[in-house]
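Subject: Structure handover

Hello,

Here is the structure I am passing on to you. Please open it before you read the notes.

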Amino acid sequence: MLTFIRTEMRVIAALISFIMMIIFLLPLGSGIINLGNCAGAFISGVLTAVFLFWGRFSRLVSHLWESRGGRVMVCAVAALIAVGAVAAAAMSFFMVREMRDAPKNTDTTVVVLGCKVKNGAPSLMLRRRLDAAYGYLSENPEVRVVVSGGQGADESISEAQCMREYLVSRGIAPERIYEEDKSATTDENLRFSHDIIVREGLPEHITIVTDGFHQLRSDLKARSLGMEAYNISAHTPWWLAPTYWVREWFGIAYYTARDVIS
């Protein structure tokens, strides 16, 4: 009976891992390939193979354990996996916490972070960010907004212009919208938007509108510029969320290491 339960649990674990691998591969159909879906698909694929061929995997580990070098390798891999899992869990905790930091009052300037523009119109993720911003702006007509994003090589207009046109088409008054159309990264989004906020005398306590997975890194950057930030999170499509969530782990690790070194 115990053997059956163990086998059943391994089959369930393998099935879950396989489903996750498929989810990580789904964005490839839309031309989205990044460190998130590459790493996620690879890890999910490895776990699927491990659970399906548990007997062979166990024998391999046992064989390695018989030699000193093998034991060192097994322990090193196990330690690496443990550290990675703890780091991912810790980052996820703080990412979720930042997603829920909604504006406490209207003494704020909304900053919408750019995303892909396709054929002159907002991509799915950018449209959801704009819809989230529109909801808050329509409820608080005294609040103004900076739309932030430059023009990529494959974009017909800047992300800022696209966002402005979309918000105006939804009924947001043009005079409430400020364009920042030079940035190409999150760092530049916030730095250049901050310059506009100071120049125009807008409230310096900002409200960042971006996808939930992106809020923590955006907030960290805002703090490094001396800005306090609230957050309004756009809903990320379910089939994209795992890819961008994993990619964000690498992004947070990179920016944290960079700040420590510098």
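My notes on its cores and aromatic rings follow.

This is a predicted model: local features need pLDDT of at least 70, side-chain atom pairs count only at pLDDT 80 or more, and totals for chains, interfaces and linings use all residues. Residues are numbered from 1 along each chain as its sequence is written, and side-chain values use heavy atoms, without hydrogens and water.

Nonpolar cores
A nonpolar core is a set of buried Ala, Val, Leu, Ile, Met, Phe, Trp, Tyr and Cys residues joined through side-chain atoms within 4.5 Å. Buried means under 20% relative accessible area, exposed over 50%, partly exposed in between (1.4 Å probe, protein chains only). The largest core has 33 residues. Val110, Val112, Leu137 and Val147 touch the most other members. A second, separate core has 13 residues, including Leu190 and Ala222.

Aromatic rings
There are 5 aromatic pairs. Rings of Phe, Tyr and Trp (its six-membered ring) pair if their centres lie within 6.5 Å; planes under 30 degrees apart count as stacked, over 60 as edge-to-face and the rest as tilted. Phe51 and Trp54 are stacked, at 6.4 Å centre to centre and 10 degrees between the planes. Phe51 is partly exposed at 23% relative accessibility, and Trp54 is partly exposed at 34%. Phe213 and Tyr244 have ring centres 5.3 Å apart and planes at 20 degrees, so they are stacked too. Phe213 is buried at 4%, and Tyr244 is buried at 10%. Phe51, Trp54 and Phe57 form one aromatic cluster.

Best wishes
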